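Subject: Structure for your review

Dear colleague,

Please find below the structure that I am handing over to you. My findings follow after it.

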Amino acid sequence: MSLANFFRRKSPWILHFDTGGCNGCSIEVVAALTPRFDIERFGMLAKGTPRHADILVVTGPVTRQCLPRLKRIYEQMPEPKIVVGLGSCAMSNGAFDGCYNVVGPLDKHLPVKAFVPGCPPRPEAIIHGLMAVLEELK
Ligand code: SF4
């Protein structure tokens, strides 16, 4: 394992991208970042730029409008990069399945390493899912 990968695994930086769901999953992601659930105790940090991110966390259904932006963000992330889908919408389009503008699920367009199920998933489940995929950075 290279030195860079060692530190990435110890302190991965996360980019959250919401494709436009109901915002329920986004609120749970914010809850996971707040002191109550405190995702930073595991060394994870939310970042606002894909160029610094190790893990792309996607919530909501993939829509025709957001798909090019989602792909561009993924391409801007440095290797090794991991994609995690949160919630039923990312997994299977959820409540938005069949809508004219929905082109998901997420793993049809990006190499998703893991999904965290739920509508929305609880902050504990989000943290657990992210911890599980960190093994991939070994
Ligand atoms: S999975 Fe549920 S909570 Fe999350 S964006 Fe979709 S409808 Fe909203």
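Two strands count as paired if DSSP finds at least two bridges between them. Five bridges join β1 to β3, and these two strands run parallel. Please note that the model is a predicted one.

**The sheet**

The strands form an open sheet of five, in the order β2-β1-β3-β4-β5, with parallel pairing. β2 (45-46) and β5 (112-116) each have a single partner strand and stand at the edges, so one side of each is left without a neighbour in the sheet.

Four bridges join β4 (residues 82-86) to β5, which run parallel; G85 has F115 in β5 as its bridge partner.

β3 is mostly covered, with five of its five residues buried. Both of its faces are covered: I55, V57 and T59 are buried on one side, and L56 and V58 on the other.

**The helices α2 and α5**

Helix α2 is mostly covered as well, since seven of its ten residues are buried. These are G24, C25, S26, E28, V29, A31 and A32. They pack against β1, β3, β4, α4 and α5.

In helix α5 (residues 123-133), the buried residues are P123, I126, I127, G129, L130 and V133. They cover an arc of only 160° around the axis, which puts them on the same side of α5. The partners against which they pack are β1, α2, β3 (55-59), β4 and β5.

**T19**

T19 is placed in the loop between β1 (13-18) and α2 (24-33). Is T19 buried or exposed? Its relative accessible area is 7%, and because buried means under 20%, T19 is buried.

The side chain of T19 reaches the backbone oxygen of G60 at 3.2 Å. A polar atom of the T19 side chain also lies 2.5 Å from the backbone oxygen of P61. Not counting residues up to four places away in sequence, T19 touches V58, T59, G60, P61, V62, T63 and C66.

**The ligand shell and C89**

Which residues are around the ligand? They are C22, G24, C25, G87, S88, C89, G118, C119 and P120. The elements that give two or more residues to this shell are α2 and α4 (87-92), and the largest share, three residues, comes from α4. By class, the shell has five nonpolar, four polar and no charged residues.

C89, one of the residues around the ligand, lies in helix α4. Its relative accessibility is 13%, and C89 therefore counts as buried. Leaving aside neighbours within four places in sequence, C89 is in contact with G60, P61, G94, A95 and F96. G60 and P61 are also among the residues that T19 touches. C89 and V62 are 27 residues apart in sequence, and their C-alpha atoms are 8.0 Å apart in space.

With kind regards

Technical notes:
Residues are numbered from 1 along each chain as its sequence is written. This is a predicted model: local features need pLDDT of at least 70, side-chain atom pairs count only at pLDDT 80 or more; totals for chains, interfaces and linings use all residues. Side-chain values use heavy atoms; hydrogens and water are left out. Buried means under 20% relative accessible area, exposed over 50%, partly exposed in between (1.4 Å probe, protein chains only). A polar contact is a pair of N or O atoms within 3.5 Å; within protein, one must be able to donate a hydrogen and the other to accept it, and residues adjacent in sequence count only if both atoms are side-chain atoms. Contact means heavy atoms within 4.5 Å. A residue is near a molecule or strand if one of its heavy atoms lies within 4 Å of it. Ala, Val, Leu, Ile, Met, Phe, Trp, Tyr, Cys and Pro count as nonpolar, Asp, Glu, Lys and Arg as charged, and the others, Gly among them, as polar. The arc is that of the directions from the helix axis to the C-beta atoms.
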